[in-house]
Amino acid sequence: MRIEIDTQVYADMPNSKNPHGYMGFRIYGDSITFVGGEFEDIGEQVGPRGANEFVIDGNDFTMKDCSVTIRGSSPFGYGDLYGKGRGAVARLKKHALMSVMGDRILVENCAFKVFSYGHGIHLHGAQDAVFRKVNMLGMLRRTDEIYAETSGLAKEHDYKMMFPDWKQGQPIPKGEMLSLTEDGIRAYVRGVNKDGEERATGYVTLENCTLTRMRSCIALTAASSATVTDCTVREAGGTAYGLPSDCTVRNCKGDAAFSPLLSIPYSNRRNADIELELMGHPNEMGDHPLATLVGSGHTITISYEGRNPKQLRPIMIGSTGERYTEDNSDASELRSKNAASGITLINQTPHPVELTEFASSNKVKSRGAITDHGVDNTVRKVR
């Protein structure tokens, strides 16, 4: 079965106050299965408020052996440089692959191409979602290409970023990759199911998935917990792996070509158990770290089988990255957001480890150099 959707269908939809009210397919019933379907958007048109290709409200939905290609969002080619939601200088009309509110969904042996600005799969209160043998491909763009434009949003705003707030008015950085999509598999904190019940997003399972060129490819930091096994992330535009409390990650790998390999960005996250292999890449760009880690009780091993890297990238313990810095946060917020304690890190890569002043009572063994600005940390350099 092959279904093609002319994206003019989305453009012809009437305007609505609900930005999530547009969709190609809505699965409202329970125990529905799609097998062997091919779905492709034809054209680059977009609706008045954006859309989701699939909305899964029902429980026990299965998609197996399917392929989906989505197109059509506006403005496209700039990621979110010009804002999203209220305050955007240009209304961002997203087009996501799949929104999930139902429980016990299974997506298996499917190939997804996300050629629009929007998430791949985003979970809102869903319980026990399973993704197995999912292959997802997004899009990236070199920031230098934007400076070659002689018309359009970038030219209109003197090639400056307007979003996020702490970067507003800064020049678009050169020598970096920009993600043209949102996240690959993304968990939101909460959602409302078809019965009107509001609940936290529950347990998520990923097995043998490959995600390439999405913003944050595996973005599960807001899930209740997760198990991720045998997965590969390539050329993420924001973060390869973003992980929640109480997760288990085994036999997974990814590169840090254009963004960090690993991020645990919230200081209330606890007890992640992570083993990752860092893959080499011939064309790295940007000055991003290898990892940014906050929270407590995590056990993290990062291995490395490649050659010596061209650029050393720090593993930061006690840092969420550039968002919370001394330039834009007061002292109490800075300490609260970046707190890291009781973390055990085994760094088998040549990349350095930096423990910030917000890192305390952590244990680090590292092949790379160690810098400790924290309190009561136990560190040891190893071969």
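**Aromatic contacts in the predicted model**

Phe-34 is buried, since its relative accessible area is 19% and the cut-off for this class is under 20%. The model is a predicted one, and it holds eight aromatic pairs. Phe-34 takes part in one of them, with Phe-61 as its partner. The two ring centres are 5.5 Å apart and the ring planes meet at 75°; because planes over 60 degrees apart count as edge-to-face, the pair falls in that class.

A second pair is made by Tyr-147 and Tyr-159. Their ring centres lie 5.2 Å apart with the planes at 20°, so this pair is stacked. Tyr-147 is located in the loop between helix H2 (143-146) and helix H3 (153-156), and Tyr-159 in the loop between H3 and strand E13 (177-179), so the pair ties together parts twelve residues apart in sequence. Tyr-147 is partly exposed at 26% relative accessibility, while Tyr-159 is buried at 13%. Tyr-147 has a further contact: the charged end of Lys-174 sits over its ring, 4.6 Å from the centre.

Phe-34 and Phe-61 are also members of one aromatic cluster, together with Phe-25, Phe-39 and Phe-54. Elsewhere, Arg-141 lies over the face of Tyr-78, at 5.9 Å from the ring centre.

Terms used:
Residues numbered from 1 in each chain as written. Predicted model: local features only at pLDDT ≥ 70, side-chain atom pairs only at ≥ 80, totals over all residues. Heavy atoms only, no water. Phe/Tyr/Trp six-rings, centres within 6.5 Å; stacked < 30°, edge-to-face > 60°. Buried < 20%, exposed > 50% of the residue type's maximum accessible area, 1.4 Å probe, protein only. Helix = DSSP H or I, 4+ residues; strand = E, 2+ residues; numbered from the N terminus. Lys NZ or Arg CZ within 6 Å of the ring centre and 35° of its normal.
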